Amino acid sequence: MSSSLNAADELKRVETLKSYAILDTLPEQDYEDITQLAAEICQTPIALISLVDEHRQWFKSNRGLDVRETPREQSFCAHAIHQPSETLIVEDARTDHRFAENPLVVSDPHIVFYAGAPLVDENGMVLGSLCVIDRQTKTLLPTQISALKTLSKQVMRLLELRKKTLDLEESERRLKEENAALLTSQKRFETVLRHAPIGLGLLSGEDYVFELVNDRIAEMGGHTALEIQGQSCLKTLPELTRQGLKEILDTVIQTKQRFATPDLSVQLLKDGKPETAHYYVSFEPVCEADGKVSIVNFCMNITEQLRSQRALEASESRFRALLEQSPIALGLYTGREMKIEIANELMIQFWGKGKAVQGKRIEELLPELKNQAFLQLLDQVYTTGKAYSAKGMRADLVIYGELKTFYFDFTYQPIRDLNGEVYAILNVAIDVTEEVILRQNYEQTRQALQNAIDLSQLGIWKVDIATQTSDFSQRITDWVGSPDPLTLSDTIAAIVPEDLPAFEAAYSRAFDVSLGGGLEVEYRLKNKHSGQVYILHSKGQMQFDEKGNAVSLFGFSQDVTQIRSAQLALENLVQERTLELTQSNHELKRSNDNLQQFAYVASHDLQEPLRKIQTFSSLLSDRTEGQLNSDTQHLIDRINVAAQNMSRLINDLLNYSRVTTRQQEFYSVPLNTVMASVLDSLSLAIQEKNAQIRLDDLPTVKGDENQLYQLFLNLLSNALKFSPEGEQVTIAVNHRLVERSMLPSTYKIMSPASIFHEITVVDQGIGFDEKYADRIFLVFQRLHTKDTFPGTGIGLAICQQVIENHGGYITASSKVNQGSTFTVYLPEA
């Protein structure tokens, strides 16, 4: 009988099983027939085809059993896979120590008898078993066992056939894709040849016949590509032949060396008249399979480029003068590294770094732009050749040592050379800081007014006195219940008759210029459809012309129905809430008293017996050294380990209790000092792990030094604990400042601070699945067993409580076997 598979072999076995793509597939008759035959041969009510992966046994066929899978630890077949050449037979599982307590034995389906023939592939990998099960003891005949083995081989044949069928389908799919890609490639080549902006041709034979040619080359002789395809270039382009074309082609063939020139001047006939043209030309020799040499010809007409070169140079000179004398900020940056070639006085003032800027890189001159969008936008414009413009974009610039915020309208315009390639970017910028701030203030005011209107549920209205027309907001229309455009008379008609005199009196007073034209009245209004009565409080102001005549009345109405109702119930509610608050305070005090009592018990009443247990067990071990057998000595060692674990748990609970109940008396704490203490405490663990700790310069924060020590001690000790053994370990502690607006809205941060310190602890450990990212901060929550990684499951709960005490937030991100990152946000001091 073979021993259990090691981890590597088991991983390979599971991978082999998954390669068959059989798990979680629908039932198939071929497999159902095999289990039916197995059950009939062995005379059992249950027959299964069981496949065992890393977590479960899954049944491809489950004759006589309602479930499709069970956990692997309950699986009989998980034992059968360790005996690839034998049939596992258990005649009475109730008396077999391996299965007597198995839930499948002591409860439904009450397995008593089991016989399983392994499913072994051609490489010796055991995928599972074909098994038969009974609820009573049974003994199989040799012929039945042999038949079971034969049927298990038939299962494997079905699986192999399935796998080969899938492989064949995949091969056919790939072949179709490759054929389609080949056809697409051919079409692309023909398209490129036909539409290429440069001349392309393939010449072969002694007469240099055009095997391939496009219109760009044919146009040189006044032809089309179809006209000269298959013709000798020496005959179709005779004027070039007379200018030495044949000698050039002969030399390329004889030397098998490429001929290329950036400017070949030739005389061509255009409209019957000779004309000088300039071409970039390349003749590239190509050795064919039969040993013959063909020539690939590339050419590009650069006549217009050369003609415009001098004009461009003159234009560039005028452009430089324009840049330097422009009344708006202008800068010219060359190359991908964005070196400053020109910057006028206004741009230099914007930068605030002095006048010695020429030749410097933008990133070097303005390092404060590193975490802003401008450098990326410059690279984007340079790469794509597409201009970029923005209005009112924020820029944080260090002006002569002081960080200031500005807003700019700007454009990044790509500048191209004679070849059409981007070689520089023109930056045009206008400082619109004052305008943006005014807009922001206006928008804030407008939004605040709109919010106030929405929150107070106001209805807005205006009455034109001369025309007796009116405008009402939708809210007033809803109050009145009028589906048609609401009029002033409709609104007045909806007022409860008893309140109409008061409304009319207030409306009349608004026409009196000597009284200021103000209107304020409270009345009831009845919805004409629902009958609901609203209590409205209206305020308005009459506008008068220069003669004192009323022109228009505008104002707002507020539904105060609930306010008036609430006033009646307010006193009772206050009394109820006062009583609830008193009870809550009493419960909170009792809870804190219990926590403090727990801390006392943990630090005195619980620790003292543990210390005695550790002392007595150590004395017992010392005094009986060499006198006890290994089992007894092992029990003493386990007492020591259990006492140490209990002591560690009590200490962690005590620390958690302290950070939960401790009063907040914050003061300035330099985190560099705290981190130095943490590293000193962990020096032995760092040395044992061969770890390298990379630290940024950490800030000074307002807080409790002891709690912050606990925070970073737990984070770094976890990073060390979960790092791989025998490898160079690097743990990074990084710091930067972030604005509150940059943080996700889902972060529940109690501090009102607008700026936070972001401190990350990045390790290279085993990581974890991010679906457990919230669970790890709960008390006693662990993702691994104590045997794998020691600990109490309280450390990260302490971290979260410390961060909450300081008004911050903690989060974690990770991937399995790719390390973890714990991110802490603390308010800026």
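Gln707, Leu708, Gln710, Leu711, Asn714, Leu715 and Asn718 of helix α23 are in contact with Gly795, Leu796, Ile798, Cys799, Val802, Ile803 and Asn805 of helix α24. Contact means heavy atoms within 4.5 Å. The residues of this contact comprise eight nonpolar, six polar and no charged. Here Ala, Val, Leu, Ile, Met, Phe, Trp, Tyr, Cys and Pro count as nonpolar, Asp, Glu, Lys and Arg as charged, and the others, Gly among them, as polar.

The model is predicted: local features need pLDDT of at least 70, side-chain atom pairs count only at pLDDT 80 or more, and totals for chains, interfaces and linings use all residues. Residues are numbered from 1 along each chain as its sequence is written, and side-chain values use heavy atoms, with hydrogens and water left out.

**Helix packing**

Two packed helices are described by the angle between their axes and the distance between the axes. For α23 (residues 705-721) and α24 (residues 795-805), the angle is about 145 degrees and the axes are 9 Å apart. Axes are lines fitted to C-alpha atoms, for helices over the stretch in contact, and angles run from 0 to 180 degrees between N-to-C directions. The crossing of α23 and α24 is left-handed, meaning that the near helix is turned anticlockwise from the far one by less than a right angle. Helices (H or I, at least four residues) and strands (E, at least two) are DSSP runs, numbered from the N terminus.

**Backbone exceptions**

Most residues other than glycine have a negative phi, and most peptide bonds are trans. The peptide bond from Asp108 to Pro109 is cis, with omega near 15 degrees. Pro109 sits in the loop between α4 (103-106) and β5 (113-120).

Lys256 is not a glycine, yet has a positive phi of about 55 degrees. Its place is the loop between α10 (245-255) and β9 (259-270). Lys256 counts as partly exposed because its relative accessibility is 46%; buried means under 20% relative accessible area, exposed over 50%, and partly exposed in between (1.4 Å probe, protein chains only). Gln468, also not a glycine, has a positive phi of about 60 degrees and lies in the loop between β17 (458-464) and β18 (469-472).

**Pocket and cavities**

On a 1 Å grid over the protein atoms alone, a cavity is a set of points where a 1.4 Å probe fits but cannot get out, and a pocket is an open set with protein on both sides within 12 Å along at least five of seven lines; lining residues have an atom within 4 Å of a point. Grid points are joined across faces, edges and corners, and a volume is the space filled by probe spheres set on the points.

| Space | Volume | Lining residues by class |
|---|---|---|
| Second largest pocket | about 640 Å³ | five nonpolar, three polar, seven charged |
| Largest cavity | about 230 Å³ | 16 nonpolar, one polar, no charged |
| Second largest cavity | about 190 Å³ | 15 nonpolar, three polar, no charged |

In the second largest pocket, β14 (388-399), β15 (402-416) and β25 (729-739) each supply at least two lining residues. Strand β25 gives the most, with four residues.

The structure holds two cavities of 30 Å³ or more. Of the 17 residues that line the largest cavity, Trp351, Leu369, Phe374, Tyr412 and Asn427 are the closest to its centre. The second largest cavity has a volume of about 190 Å³. Of the 18 residues that line the second largest cavity, the closest to its centre are Trp461, Phe472, Thr491, Phe503 and Tyr523.
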